[in-house]
Amino acid sequence: MLDWMQSDASARFVMNMFSKHYREASLIMPERFSRREFGFMFFDRDFVMRHLGFPSRAALKKYLVEQVPAHAYYSCAYYETPDAPTMAQKKWLGADLIFDLDADHVEDAKDLPYDKMLERVKVEVIRLIDEFLLGDLGFDADDLKIVFSGGRGYHVHINSPKVLRLTSHERREIVDYVTGTGLDMDWVFPPTPFETGRWKDRVEVDQKRTMPRLEDGGWRARIRKGIDDLLAELESLSDDDGKKRLGQMMAESKREIGKKTVEGLYKDLFGGTKGRSGADRMQLENTFEVFSEKRHLDAFVDMVEMRVKPKMKGETDEPVTSDIKRLIRLPSSLHGKTGFEVMPMSRERLDSFNPFLDAVPKAFGNRPVNLRLEKPVEVRLRDETLSIDAGVSSVPEFAAVFLICRRLAKLET
């Protein structure tokens, strides 16, 4: 990749375009912005400027236009004196609850092409919002502010009075719930004692596990759905392939599972035929009594913990959510590594949101700009698909900002 910062012309071009955006944009201000700390990183300076406060929208706009930061942030926290030079002097008053989800936290996403990466992350942020925040945790849609970060993911802000005074520990417990951290299989499948026999005054007791139901809600319902999906996957395969797949899943379990146990477990579930009455009975009767041996049930529970739970958990960046003094990207600011706008949106808007169409700043026009590229690039921005060869090419202004910020090109002078 090209380091456009080695080119003064490229840096000046991008900074001029960012300044143009800030002159023309109607800034979206955080709630109670005069109680927030602001911080900035720059194209032409190698330090972070923070401990700043702004009394008005006009004051912040003036700073952005004149200083032209590469990245602009504000605090999730509210302070009595947000521009005090130390955290102790600021006097913390409360903080929004922030969920940050980007490619680093989504399996296989960070190795995808940029556009596919963002599609994959959006799927997971929708799951986070619908299943956990609006679902299990019961937040109201009006309490949520969803923001495309301008880079590799999304932020979800919750500024309900119910969360403002939560401690870091309490916020970490919310993350643990979302991610299933510490989820106890004995809670998901509670053991119930039952009498197996009597001899004179002695009672023999064993335990059987209870199968979770979809109507149980929360993590029990989530695990049940995962079990149903797992059984459906195995059911779609031939017997030989099903046993092989089950063996692969069992290999990920916490305990060593022999071939005999795998075959016994498969027979319990599917009877070795296409009738598969064991799995059918498990789902219809909500029972684990289909297993002929306790070791088969124990192996199945281990497989659920190692295979189903990770598929059903939500994702978020724990340090961001638990940090009660975090700086987070300012909506309507620009991201210095893409040139995209940090875009707030409703839950309904999220479904159709496309950053390559919707996050390209309106201030960036179609004026032709000459760039030099080391490698050919194809990208779709706005309504145009641009196929650009290596060497010197002329591209629209809005595409030039994106390519330079992405380190794919530099200005040709």
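1. Glu315 and Lys313 join their side chains in a salt bridge, at 3.8 Å from N to O; the rule asks for a side-chain nitrogen of Lys or Arg within 4 Å of a carboxyl oxygen of Asp or Glu. Glu315 counts as buried at 18% relative accessibility, whereas Lys313 is partly exposed at 26%. Here buried means under 20% relative accessible area, exposed over 50%, and partly exposed in between (1.4 Å probe, protein chains only).

2. A word on the basis: this is a predicted model, with local features needing pLDDT of at least 70 and side-chain atom pairs counting only at pLDDT 80 or more, while totals for chains, interfaces and linings use all residues. Residues are numbered from 1 along each chain as its sequence is written, and side-chain values use heavy atoms, leaving out hydrogens and water.

3. The salt-bridge count comes to 32. One network links Arg120, Glu124, Arg127, Glu131, Asp136 and Arg222.

4. Two pairs sit within helices, which are DSSP runs (H or I, at least four residues) numbered from the N terminus. Lys20 bridges to Glu24, with the closest N and O atoms 3.3 Å apart; both belong to helix α1, 4 residues apart, about one turn. Arg224 bridges to Asp228 at 3.0 Å, and the two are separated by about one helical turn because they are 4 residues apart in helix α7 (residues 218-235). Lys20 is partly exposed, at 25%, but both Arg224 and Asp228 are buried.

5. Thr321, in helix α12 (residues 318-322), is buried with a relative accessible area of 0%. Beyond its neighbours within four places in sequence, Thr321 has contacts (heavy atoms within 4.5 Å) that include Leu97, Phe99 and Arg171.
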